[in-house]
Amino acid sequence: MFERAYVWFSGVNLLVFVVVAFSLLSIACEAGFRFGGRSARHQTNREGVGTISAAMLGLLSFTLGLTIGYAQDRAETRRGLVVHEANAISTAWLRAKLVRSQEGSAIVELIEEFAKVELAFTVAGSAEPEAGLITRREALQDRIWGLEQTIARADPTPVTVTLANAVSEMFDAALAQRFAFDSRVPPTLSWMLLFGALLAVGAMGYQFGLSGARHPLLVSLLLVMWTGGMALIMDLNQPRLGSIRVDPAPLIWTIHSFESPPLPH
């Protein structure tokens, strides 16, 4: 049940998530306020309530910062791997052009197609095209490696060895990028943040209920800030749907370099 709900939250529109999260926090705060108002008639010792509420908010702040840091690290990893993959593709392409054979020219063309597949994988706006792009990538890898084996057996020179290393690095970079796109904030941490926010905000509302003061403006600002923090995590956790996406510029530049004419001597 929790796993299905997490998958739904991970794929939901960001605006919908903001509305749902803010509504839940508001309900928790209001419920805490009303419960605190009822308890105020019978409770005389209120000294520890503020301390407990502050401790819960402090723990919530720590969890929020930890989760944002984790999501940001995943996003930075995806960003860095695009540069690494573009460099690996460019290196393999340049070394393939050194091989003066029919297989070498074929590898050059396949690497160019491989780069376009990786660009399509990076800029895909949903998870639907992933399966087809991964299938195309694997087919290209099989064809490239088959030609590389043919070259290495027919002409085992330092050039073919460096080409094999470059092709292997290109394949490894593609696999690392695929894993980075699938790597998200752990569901346990996300649920802990959400439930912790509801409990902490409810405790804050309970404290206000004991005193009989609502502080609507300050509470609204606080809830907006908490919702914004969780929305940032959700945005970073959606590499294909969120507004913070991987910049494909290195791959685009690499593909453009394939079409650039050689410089005149």
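A crossing of two helices is called left-handed if the near helix is turned anticlockwise from the far one by less than a right angle, and right-handed if clockwise. Helices themselves are DSSP runs (H or I, at least four residues) numbered from the N terminus. The structure examined here is a predicted model, in which local features need pLDDT of at least 70 and side-chain atom pairs count only at pLDDT 80 or more, whereas totals for chains, interfaces and linings use all residues. Residues are numbered from 1 along each chain as its sequence is written, and side-chain values use heavy atoms, with hydrogens and water left out.

By this convention, the crossing of α2 and α8 is right-handed. Helix α2 spans residues 14-39 and helix α8 residues 216-236, and the two pack at an angle of about 140 degrees with their axes 9 Å apart; axes are lines fitted to C-alpha atoms, for helices over the stretch in contact, and angles run from 0 to 180 degrees between N-to-C directions. The helices α2 and α8 are therefore oblique to each other, given that angles under 35 degrees count as roughly parallel, over 145 as roughly antiparallel, 65 to 115 as roughly perpendicular and the rest as oblique. The contact (heavy atoms within 4.5 Å) involves L14, F17, V18, A21, F22, L25, S26 and C29 on the α2 side, and V219, S220, L223, V224, W226, T227, M230, A231, M234 and D235 on the α8 side. These residues divide into 14 nonpolar, 3 polar and 1 charged, where Ala, Val, Leu, Ile, Met, Phe, Trp, Tyr, Cys and Pro count as nonpolar, Asp, Glu, Lys and Arg as charged, and the others, Gly among them, as polar.

From α5, the residues E130, I134, R137, E138, Q141, I144, W145, E148, I151 and A152 meet T160, L163, A164, V167, S168, M170, F171, A174, R178 and D182 of α6. The contact of α5 with α6 comprises 11 nonpolar, 3 polar and 6 charged residues.

Across the whole structure, 5 aromatic pairs are found, a pair being rings of Phe, Tyr and Trp (its six-membered ring) with centres within 6.5 Å, and planes under 30 degrees apart counting as stacked, over 60 as edge-to-face and the rest as tilted. In one of them, the ring centres of F35 and Y206 are 5.6 Å apart and the planes stand at 35 degrees, so the pair is tilted. Because F35 lies in helix α2 and Y206 in helix α7 (residues 187-211), the pair ties together parts that are 171 residues apart in sequence. With buried meaning under 20% relative accessible area, exposed over 50% and partly exposed in between (1.4 Å probe, protein chains only), F35 counts as exposed at 53%, whereas Y206 counts as buried at 18%. The rings of F121 and F181 have centres 5.4 Å apart and planes at 75 degrees, so this pair is edge-to-face; F121 lies in helix α4 (residues 102-123) and F181 in helix α6, so parts 60 residues apart in sequence are tied together. Both F121 and F181 are buried.

In the loop between α7 and α8, H215 has a positive phi of about 50 degrees although it is not a glycine, and H215 is partly exposed, with a relative accessible area of 38%.
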